[in-house]
Structure formats: C-alpha cells, structure tokens
Amino acid sequence: MLVNVRDSHKISIFKLLALALVFILGLGLAGFNEALAQTSVIAPREPPQIGRNAPYTVEAVELIANIDGQKAEVLFRQTVVNNSKKPIELDFMAPLPLGGQVSGLTFVSNGKELVGQIYPKDEAFQIYQQIVNRLKDPALLEWAGQGLYRARVFPLEPGKKSTLELSMTYLLPKVDGRVDFIFPIEGPLTQGRTIARQEVVITLNGQGLSGFYSPIDGVTIDQKSSPIRAELNLSKADIIDSFQFHYLMDSGPMGGMVLSHKPNSDEDGFFLFLVEPVIEAQENKPKIPKTVIFVLDRSGSMEGSKFTQAQGGLRFVLERLEPQDSFNLVDFSSQVTLFKPELVTMNDKNRSEAMKYINNLRAGGNTNIEEAMVSAIKQVPIGRPTYIIFLTDGQATTGITKEEDLIEIVLGQNAKKEANIFCFGVGHDVNSRLLDRLASGASGFSTFVEPNQSIEESIASFFRKITSPSLVRPVLTSSLTVNRLIPGRIPDIFLGVQSLVVGRYPKGGQTVLTLSGKVGDDNTVYTYQSNLTDKASLGGDFIAQLWAQR
C-alpha cells in the first residue's frame, strides 16, 4: 500500500475521487500475458501530489486469499491512522498482481462506505502514465507495469483511522506444472516503515497439489488441514514487499481444465478452457520441421551489453536448429537488411555463415520496426510451423511509428501466413504494450528482460519449448454450441506452457470438448468431458471479465 498525506484547511466531506487499475497479461500461462491496451481500468480524475513526509501510522495490513486450483479470490485490507493535529488528505495506492480482475472494492472511513467509478481504458491509461511519470520511483515502477490501484479521501480527522479493502478474483499463472501466487504489498511510501500488524492467510483447495513452498520467513504451511492453510503473522515489523506462495499441480498427458459461468438464463454463459502438455508424456514425440526467423534490433539504443547479449541469444538458437529446419535473420535500425534473400536450410555451411554475420553486426541508427517485421513475414512459408523471434529494446522511431497503425500493418500481413510471433523486450524503455499486442495477435507471447538479466537465458528457455511443439494448428470444438472463441486461432501448444481459450455458450449441459491438431504429419485428438453450467458460479465473474478484456 502506498499512502501520501497532505495537510489541508479546507472543510469538506469524505471523497473518494478516483481509483486506478492497470494490467498487462501474458502468457506465462502461455497466453495469459494480457496487454495493457486490452484492459478496462479504474483511474483518478487528476494526478495527485506525491510526497514523502506523512504524519500517519499504518496500523494493519491484511491479505486473505482463498485459492481453488488456479482461481484465487483475494481480499487486501489496510488500516491507516492520522497522527497529526490537523485534518489530512489520504492518497492510497496499491500495486496489483499480474492478471488481477477486480471483482469488488470497498473504501471505509469513519464508518462511511464510498464507491469509486470506472473510466474508459484510453482515458485511464493516459492518467495512469501521468501518475507514474510523477512518482519517478523504481520501487513502484517495478510493479507499475503489472497494475496500480488508487483511492483518495479527505479529510481524515486527527486521531481517526481509515480502512481500505480491495477484493478481486483472478487466475493464477501455471508454468511447467508450477502455480505461482504473488501479491505485491509494499510501495515506495511504506518502504522502511514499521507496521503494527501484518497478517496473511492463504487457504488452498484442488486435486493433484503438492510441493507447497513460500520463500517468506515466518510462513507456516499446514498440509494436513483441509483446505491446506498457509499463514504469516508479523508484529511491529517492516512491511514485506510481496507475499509469494508456490505449489505444483498435476495434469494428464495433455491436461485440460474447464471453468464456466452463466450470469442468468437470458444471457450467454462464459467458459474458460486451460490446456497444458505434461513434459514426461510428450518428451519422446518426434521433432517437427520448423522455420525460425530472427528479427534483431540493432539501433543505437541497443549498443553495448544489450546487443552483445542479443547476439549470444541468437547464436544459442542457431547452434540448436536441426537439419530439417529452415531459418533467416532480419536485422534493422533505420534500414533493414537480411542475412539471405530467402530462407535457407540448416547445415554446417549456413550455420557458420550465419554466426559470422551475427558477429559482424554493429548497433547504430533509428528503429524501423514496421519494415523489419513485414520483411520477416514475407519470408514465412505457408503451412509450416514458423516462429518469428523479435528482439528490441525500444519503440519505433522511423517509418510507421503510430502504435495502432503498426499493429494493423504487421498483424494484417501475418493473417494469411499465420506465423507465431514471440517478442523479447529489453530494458525499461521498451514499448511493452506494443510487444504484448504483436505477440498475442500472432499466437505468441512476449517476455521482458531487465538490463541486468540475461537475454540468452530467456531465449534458451523459450527455444526448449518450441523445439518439439506438442500440438500444431490446434482447433477446439464442443458437442454443445460454443461461439465467440478468443483467441480465434489457438496458438501452437508447447511443452511446459499453459494455453488458454475463453468463449461463450447459449445453453449449458454435459459436453465433450475436442482439441485436435497435428504432431508432425500425424493427426492427434484429445477429448475432455465437462459440464457447462446453467448457473452463476461463485466468483465466476472473472471468466466474463477475462473474456471481455481479450
């Protein structure tokens, strides 16, 4: 929680002026990485004054989470006391976890409950940027790309307290069988403060759960209780920056899970389908011939260690491409150049030449993303699994620079080719929203690397997944009528990556979901027995919210 306090002599009633909520999804979950542009956000009417000298005490911070499988219902509560002799204005802020869908919000001050207002996404995003630019605080900016909640109230009388309660329901990411619950608690203005009481209570239900772990000192985990329970209680301690809880969740050879929610009988229901291949069951499958096209940003801002690491990442992939694979390299700054005019097959000669080509590249110039991506897409063969690996650290500065136009051109060009685009953003200045939209619109995902992180490690992890796709060109059908599926084209399914599909259905009942696709030249089919409910499910609103976002 972030709290900013400013003395004021105005006579006023308690006001809740605004709430700001911004999030970017993605992937993990192989698809669960959501782009900021795809969300509706809660935002303030005007940016606040941000200060550090604040006569208040944080009396209590409480986090209560009920988790069922991957669905988390969270209540986050903070209580603040005015220690000054004057009425003060409170400005509460709390960074939010990735993918959080706010299902409810309550603000209580002196016994009065106030309700906020939801603003359109474009207006909210503009105001959110103003807030972050004014803060200039690395501790908040680290979480700012995940989401930010804000509420303000005036006046808080001397000696009085205010309590903020934030509740939400959202889906936890699952990667390589591990589910991660990570909830941010600390912000810049609470950093280093002593909190009178901190309490965390996690309850966990689900089948096939194991490997429960939290890196936070003082957490107790009772695995014998039903549900499983994890607790943390701290008195007069520095606030923890975030609470982390991890566990393993088993699934079948191509494990699938279906959740559904029907608000009422007159309205279509919403369903969520999750699928993840198990590594042990898939590792002996044949390797599939594929095409890999690298798109490397060599503009001036990449100069130095970032460019050196990017070159190392490309060399890593080149060393591991198989003889049945084809590839090419597109590098760009102001101008775009290609390693070869057309795709080449992988052999010792082409590998050696490509290595020399990469080693001789130098960074300098502007950033022409549109021409580089279009050049790469022109190389894509139709009907063959193709992966475009896009590495950049910045934003488009020449050619087509407007985000909407750039998205329309690149995804429009790729519509007939159907390549999967995977984006690797490097550094703090990268346009993460652009990369998220490019990747999600082309059945890929985006990964963001801090300046001190290794790009090569991120690319290595990615390449291990695409080496042997578990299912290529997957299609989902149902014995009951389902419609408005998102994504319309399901991305290829890879080892250790969970894929997600959301959709609508007019009438519930028992159904068989069929997931079909190819592994090499062989057609493969998986079936899942499920029930699409005719009733509103407890906490199921988040499925509708997720569908609306996407």
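The axes of helix H4 (residues 305-320) and helix H5 (residues 348-359) come within 10 Å of each other and cross at roughly 180°, where axes are lines fitted to C-alpha atoms, for helices over the stretch in contact, and angles run from 0 to 180 degrees between N-to-C directions. H4 and H5 are therefore roughly antiparallel, a label given to angles over 145 degrees, while those under 35 count as roughly parallel, 65 to 115 as roughly perpendicular and the rest as oblique. This is a predicted model, in which local features need pLDDT of at least 70 and side-chain atom pairs count only at pLDDT 80 or more, whereas totals for chains, interfaces and linings use all residues. Residues are numbered from 1 along each chain as its sequence is written, and side-chain values use heavy atoms, with hydrogens and water left out.

**Helix packing**

- Gln311, Leu314, Arg315, Leu318, Glu319 and Arg320 of H4 meet Arg351, Ala354, Met355, Ile358 and Asn359 of H5, contact meaning heavy atoms within 4.5 Å.
- By class, this contact of H4 with H5 has 5 nonpolar, 2 polar and 4 charged residues, with Ala, Val, Leu, Ile, Met, Phe, Trp, Tyr, Cys and Pro counted as nonpolar, Asp, Glu, Lys and Arg as charged, and the others, Gly among them, as polar.
- Helices (H or I, at least four residues) and strands (E, at least two) are DSSP runs numbered from the N terminus.

**Confidence**

- The protein chain has a mean pLDDT of 76, and 73% of its residues reach 70 or more; pLDDT is the predictor's confidence in each residue, from 0 to 100.
- The pLDDT is below 50 over residues 116-122, a stretch that has 14 contacts in the model beyond near neighbours in sequence.
- Residues 135-146 also have pLDDT below 50, and this stretch has 28 contacts beyond near neighbours in sequence.

**Salt bridges**

- A search of the whole structure finds 17 salt bridges, each defined as a side-chain nitrogen of Lys or Arg within 4 Å of a carboxyl oxygen of Asp or Glu.
- The side chains of Glu59 and Lys161 form one of them, at 2.9 Å from N to O; Glu59 lies in strand E2 (residues 56-68) and Lys161 in strand E8 (residues 161-171), so the pair ties together parts that are 102 residues apart in sequence.
- Glu59 is partly exposed, with a relative accessible area of 30%, and Lys161 is likewise partly exposed at 39%, the cut-offs being under 20% for buried, over 50% for exposed and in between for partly exposed (1.4 Å probe, protein chains only).
- Glu418 forms a salt bridge with Arg473, the closest N and O atoms being 3.6 Å apart, and this pair links the loop between helix H7 (403-414) and strand E23 (420-426), which holds Glu418, to strand E25 (residues 472-478), which holds Arg473, 55 residues apart.
- Glu418 also meets Arg489 in a salt bridge of 4.0 Å, N to O; Arg489 lies in the loop between strand E26 (483-486) and strand E27 (499-505), so the pair ties together parts that are 71 residues apart in sequence.
- Glu418 is partly exposed at 29% relative accessibility, as are Arg473 at 25% and Arg489 at 23%.

**Surroundings of Tyr387**

- Tyr387 is found in strand E22 (residues 386-392) and is buried, with a relative accessible area of 0%.
- Not counting residues up to four places away in sequence, Tyr387 touches Lys290, Thr291, Val292, Ile293, Asn420, Phe422, Ile466, Pro469, Asp492 and Phe494.
- Tyr387 and Ile421 are 34 residues apart in sequence and 6.0 Å apart in space, C-alpha to C-alpha.
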